[in-house]
Amino acid sequence: MTVAAIAPEVLAQNIADALGGLAQDVHLARGEVTVTVAAADYLTAMRTLRDHALCKFEQLIDLCGVDYSTYRDDVWNGLRFAVTSHLLSMSLNQRVRVRTFCADDEFPALPTLCGVWAAANWFEREAFDLFGIVFEGHDDLRRILTDYGFIGHPFRKDFPLSGHVEMRFDAERKRVVYEPVSIEPREVTPRIIREDNYGGLH
């Protein structure tokens, strides 16, 4: 039997009531609830969202990193790195997004959620690999998508498009070698040539 979803406004209020002072902000937009919690309250808030009778978010659906550095010129002047998690309650048929900013831009770190939801394991490894966010207490925080010798974190906004190193197989040494990137960075702008009467226009 499917449980009817409650109105987003009611969900937002229920979450605000459940978290109390743990929530910095509970925001409702386009029918979706987003909660912002401080890094210091991250673990406590997540356990509350899992266990509280009004929440019961039994499943971690997704967890990813975000780099806000390129937003700073226009609309953003806060911390650079955040972790965004999507939670699902099967029993109450409701969803919530949780955003937490890492307190230190130079060494972004948060506690691991592996002890709250086992699914956090690979998601946190991905966020570490791609954004360089460290999850303290994670039992096996290794790269998951890039190579063992990869330098840097490719989803950071300041990571060069061509990377830092390139690899090739060296036939003489009979192994893969890493070398500095030999491609000069450039911006390619496509040239558009339209034929006469393009699109039927006269």
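Okay, K174: this residue is exposed, with a relative accessible area of 64%. Have a look at its backbone, too. Phi of K174 is near 60°, which is a positive value in a residue other than glycine. And where does K174 sit? You'll find it in the loop between β8, residues 165-170, and β9, residues 175-180. Keep in mind, by the way, that what we're looking at is a predicted model.

K56 isn't a glycine either, and it has a positive phi of about 50°. K56 belongs to the loop between α2 and β3. So is K56 buried, exposed or partly exposed? Its relative accessible area is 35%, so it counts as partly exposed.

Let me zoom out for a second. The protein has three helices and nine strands, and going along the sequence the pattern reads α-β-β-α-β-β-β-β-α-β-β-β. There are 202 residues, and 35% of them count as buried. If you take the contacts with a separation of 6 or more, 50% come from residues 24 or more positions apart.

Now the helices. Start with α1, residues 8-19, and α2, residues 42-51: they pack at an angle of about 125°, and their axes are 10 Å apart. That angle makes α1 oblique to α2, and the crossing is right-handed. Which residues meet there? From α1 you've got I15, A18 and L19, and on the α2 side A45, T48 and L49. Sorted by class, that contact has five nonpolar residues, one polar and no charged ones. As a reminder, an α-helix has 3.6 residues a turn, so residues three or four places apart point the same way.

Last one, α3, which runs over residues 120-131.

As for what's tucked away in α3, the buried residues are A120, E124, R125, A127, F128, D129, L130 and F131. And what covers them? The cover includes β3 at 59-67, β4 at 81-89, β6 at 109-111 and β7 at 134-136. Then, just after α3, G132 takes a positive phi of about 75°.

Methods: Residues numbered from 1 in each chain as written. Predicted model: local features only at pLDDT ≥ 70, side-chain atom pairs only at ≥ 80, totals over all residues. Heavy atoms only, no water. Helix = DSSP H or I, 4+ residues; strand = E, 2+ residues; numbered from the N terminus. Expected span 1.5 Å × (residues − 1). Buried < 20%, exposed > 50% of the residue type's maximum accessible area, 1.4 Å probe, protein only. Contact = heavy atoms within 4.5 Å. Axes fitted to C-alpha atoms, helices over the stretch in contact; angles between N-to-C directions. Parallel < 35°, antiparallel > 145°, perpendicular 65-115°, else oblique. Left-handed = near helix turned anticlockwise from the far one by under 90°. Nonpolar A, V, L, I, M, F, W, Y, C, P; charged D, E, K, R; others polar.
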